[in-house]
Amino acid sequence: MVNNALEELTHQEVHFVAEDEEIVVVPNFSLPPVHMLGGTYGPFRPQIPVGVPLWLAMILKKQGKCNVIPPRWLDVATLNSVIELERNSDEVFQALPFHYIELATDLCKYAREDLQDWSLSYDLLDSIRAIRLNKIQAGLRTLSSDALKGVQMKNLSAMEVNIIRPFMSTALDHFLDANGNAL
């Protein structure tokens, strides 16, 4: 069996990694640039948008220190368009941010009042996840020995990759065992 040096990531660990994604906020306070281990953030000036990592945006939001500017892809019209495109193609995944699931989850949870319609956005994202998961499962069912040449799954998110990683690793292990590691 193949010995994976990397262990599976939990959903919480994938979510933790996503917290470094940049989000634009509009602060309601003044502060010079803040130097931290992960980078320098700011300066913060009232009503002037600034990019910060998701984790900092959520802290500032919880403290009432900013409003979040939702990413364009989280707009209801954009999400409806993505759903339509996902449904119309069995093989192509629409381009969304690598951590779209984690970003949307946190924004719908902590920045609801800054979203156009957080409940509808969340429902649409849930539909997108379900459609994409069905496409992934259908694609995995059709794998054959030709898959060793490569499996192309463009535009998968971090969470989607994390979901299929154990299956793909186990399938490769079984294939290698069945073929006596003769690749």
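Predicted model: local features only at pLDDT ≥ 70, side-chain atom pairs only at ≥ 80, totals over all residues.
**Entry 1**

Is Tyr 41 buried or exposed? Its relative accessibility is 10%, so Tyr 41 counts as buried, the limit being under 20%. Next I looked up Trp 55, which is partly exposed because its relative accessible area is 26%.

I then checked how the two rings sit. The ring centres of Tyr 41 and Trp 55 are 6.2 Å apart and the planes meet at 85°, so I noted the pair as edge-to-face. Tyr 41 belongs to strand β3 and Trp 55 to helix α2 (residues 54-62), so this pair links distant parts of the chain, 14 residues apart.

**Entry 2: the other aromatic pair**

How many aromatic pairs does the structure hold? I found two. Besides the one above, Phe 29 and Phe 44 make a stacked pair, with 5.3 Å from centre to centre and 25° between the planes. This pair also links distant parts of the chain, 15 residues apart. I found Phe 29 in the loop between β1 (22-27) and β2 (34-36), and Phe 44 in the loop between β3 (39-41) and β4 (50-53). Phe 29 counts as buried at 16% relative accessibility, and Phe 44 is buried with a relative accessible area of 3%.

**Entry 3: lysines over rings**

Which ring does Lys 62 lie over? I found Lys 62 over the face of Tyr 110, at 4.3 Å from the ring centre. I also noted Lys 135, which lies over the face of Phe 93 at 4.9 Å from the ring centre.

**Entry 4: two helices side by side**

I reminded myself that two packed helices are described by the angle between their axes and the distance between the axes. For helix α4 (residues 100-110) and helix α5 (residues 118-141), I read an angle of about 160° and axes 10 Å apart. That angle makes α4 roughly antiparallel to α5, because the cut-off is over 145 degrees. Their crossing is left-handed.

Which residues meet here? From α4 I listed Tyr 100, Ile 101, Ala 104, Thr 105 and Cys 108. They meet Trp 118, Tyr 122, Leu 125, Ile 128, Arg 129 and Arg 132 in α5.

**Entry 5: Ile 23**

My last stop was Ile 23, in strand β1. Ile 23 counts as buried, at 3% relative accessibility. What does Ile 23 contact, leaving aside its neighbours within four places in sequence? I found eight names to write down: Val 50, Gly 51, Val 52, Leu 54, Ala 57, Val 68, Leu 103 and Leu 107. I also looked up Pro 70, 47 residues from Ile 23 along the chain; their C-alpha atoms are separated by 7.9 Å.

How values were computed. Residues numbered from 1 in each chain as written. Heavy atoms only, no water. Phe/Tyr/Trp six-rings, centres within 6.5 Å; stacked < 30°, edge-to-face > 60°. Helix = DSSP H or I, 4+ residues; strand = E, 2+ residues; numbered from the N terminus. Buried < 20%, exposed > 50% of the residue type's maximum accessible area, 1.4 Å probe, protein only. Lys NZ or Arg CZ within 6 Å of the ring centre and 35° of its normal. Axes fitted to C-alpha atoms, helices over the stretch in contact; angles between N-to-C directions. Parallel < 35°, antiparallel > 145°, perpendicular 65-115°, else oblique. Left-handed = near helix turned anticlockwise from the far one by under 90°. Contact = heavy atoms within 4.5 Å.
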